[in-house]
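Biologist: I'm new to this one and would like to learn how to read it. Could you walk me through it?

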Amino acid sequence: YDPIDITPAKDRNDIGGTEVIDLTNDDNQQHNPSANANQESDDSEVWHDAKDELSMGNTQVKDDTNDSFLRTKSSTEQQNVHKSKRKNSTARIMFTGITPTTRHRRMIQSLGAELLESLEEASAATHLIATDGESIFRRTPKLMICICKTPNILSVEWLEKSSIKQQLLDTDDFLLLDNEPAEKAYNFSMRESIRNGILARKKGGLLGGWCVYICSGVAGNKAPSVKELTLIIEATGARVITSLNDSDMLEPHCIMILTSDPSTEAQRNEFGVRKMEHFDAQIVTTTWLFQTILTQQSPNMRRSEMTSLPSARDTVAAAGSPNCNSNSKKTRARLS
């Protein structure tokens with residue numbers, strides 16, 4: 001079963017080794033400043049040459065100003081240059097799994113960086129702080145979005161030391177690598193995920209070119225809400241479609257149909273599902289999707305783990321980054 005549950009925090013239990021997280025914690029904390037600083041913000045348990053990738057370099061805010069130039073300037077001039085450049089190359093920092101304290105907010109402000117807090121902003125984050133060294137690493141909606149967008153998945157130590165130096169430090173020494181308990185629990189390697197993500201983004205995103213249809217009953221059933229699922233899927237470079245009607249169809253071989261794990265009879269019999277699978281649409285489960293995102297392995301790397309519905313064809317079309325921008329006459333004829 002999918003390792004997702006939206007049972008309120010007060011009813012948290014270990015279910016099959018999966019921790020139950022409240023989806024509404026962040027809203028409560030916003031109205032309750034005395035809430036535990038380590039309590040999770042609006043995250044539910046969901047599931048984990050960079051220098052060329054970010055506008056501010058691999059892990060550090062970089063710009064057109066080079067070190068040799070700065071060394072020719074006075075201390076005051078250097079500070080002015082840094083402040084000016086920070087405004088033009090703002091680091092956008094997001095927290096997940098822990099709640100930023102007033103102290104953290106002041107650190108971010110002093111660095112000229114920006115704090116992002118809503119899930120809608122997650123795709124714009126350049127740095128994600130996912131642990132304070134004591135909190136448990138969690139597969140949250142924010143993590144799932146950010147890992148598709150940035151290699152900078154960090155501990156809060158990066159922010160604290162950057163604040164002391166009053167400059168955004170290179171993140172290499174603060175990446176959440178070799179977290180054995182988390183990597184064992186979720187069956188992934190953060191080191192590999194970061195490397196895979198860098199390559200995927202250069203090709204248009206992990207699921208770039210795909211369209212994803214979410215079956216009824218998936219969202220909220222040990223899975224995020226429709227809104228959260230949509231944001232997560234869009235972060236991969238895919239597009240969410242809301243209908244399998246022929247009139248709305250793109251190329252079937254570019255479509256992924258997302259079901260629960262295991263899929264339900266209602267989902268298997270949902271309008272258009274079997275027809276689309278017959279014409280090479282891929283049937284995938286939420287477990288497959290979340291693990292694909294966490295590992296940042298493209299579909300062609302993980303296609304053996306894709307699933308087909310009972311009695312459907314066993315073959316799986318080669319995946320990659322299909323072109324789904326047009327309806328061919330041949331396809332429309334096959335669907336008619």
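Modeller: Let's begin with a pair: Met94 has Leu116 in E4 as its bridge partner. This is a predicted model, in which local features need pLDDT of at least 70 and side-chain atom pairs count only at pLDDT 80 or more, while totals for chains, interfaces and linings use all residues. Residues are numbered from 1 along each chain as its sequence is written, and side-chain values use heavy atoms, with hydrogens and water left out.

Biologist: Which strand is joined to E4 by three bridges, and how do the two run?

Modeller: Two strands pair if DSSP finds at least two bridges between them. Strand E3 (residues 92–95) and strand E4 (residues 114–116) are joined by three bridges and run parallel. The names come from DSSP runs, numbered from the N terminus: helices are H or I with at least four residues, strands are E with at least two. By that count the protein has 14 helices and ten strands.

Biologist: What does E3 pair with besides that?

Modeller: Three bridges also link E3 to strand E5 (residues 127–131), again in parallel. Here Phe95 has Ile129 in E5 as its bridge partner, and Ile93 stands opposite His127 in E5.

Biologist: In what order do the strands of that open sheet lie?

Modeller: The order is E4-E3-E5-E6, four strands with parallel pairing. E4 and strand E6 (153–155) are the edge strands, each pairing on one side only. From one strand to the next, the twist averages 35°. As for side chains, in a regular strand they alternate between the two faces of the sheet.

Biologist: Which hand does the β-α-β unit of E3, H4 and E4 have?

Modeller: To judge a crossover, point the strands away from you: it is right-handed if the path from the first strand over the helix to the second runs clockwise. E3, helix H4 (residues 102–110) and E4 make a right-handed unit.

Biologist: How do the axes of H4 and H6 cross?

Modeller: Axes are lines fitted to C-alpha atoms, for helices over the stretch in contact, and angles run from 0 to 180 degrees between N-to-C directions. Those of H4 and helix H6 (residues 157–165) come within 9 Å and cross at roughly 55°. Under 35 degrees counts as roughly parallel, over 145 as roughly antiparallel, 65 to 115 as roughly perpendicular and the rest as oblique. H4 and H6 are therefore oblique to each other.

Biologist: Where is the other open sheet?

Modeller: Look for E8-E7-E9-E10, four strands in that order with parallel pairing. Strand E8 (239–241) and strand E10 (282–285) are its edges, each pairing on one side only. Within the sheet, strand E7 (residues 211–214) and strand E9 (residues 255–259) pair in the parallel sense over four bridges, and Ile214 stands opposite Leu258 in E9.

Biologist: Is H12 mostly covered or uncovered?

Modeller: Buried means under 20% relative accessible area, exposed over 50%, partly exposed in between (1.4 Å probe, protein chains only). Helix H12 (residues 286–295) is mostly covered, with nine of its ten residues buried; among them are Trp288, Leu289 and Phe290. Gln296 follows H12 and has a positive phi, near 55°. Across the protein, 50% of the 336 residues count as buried.
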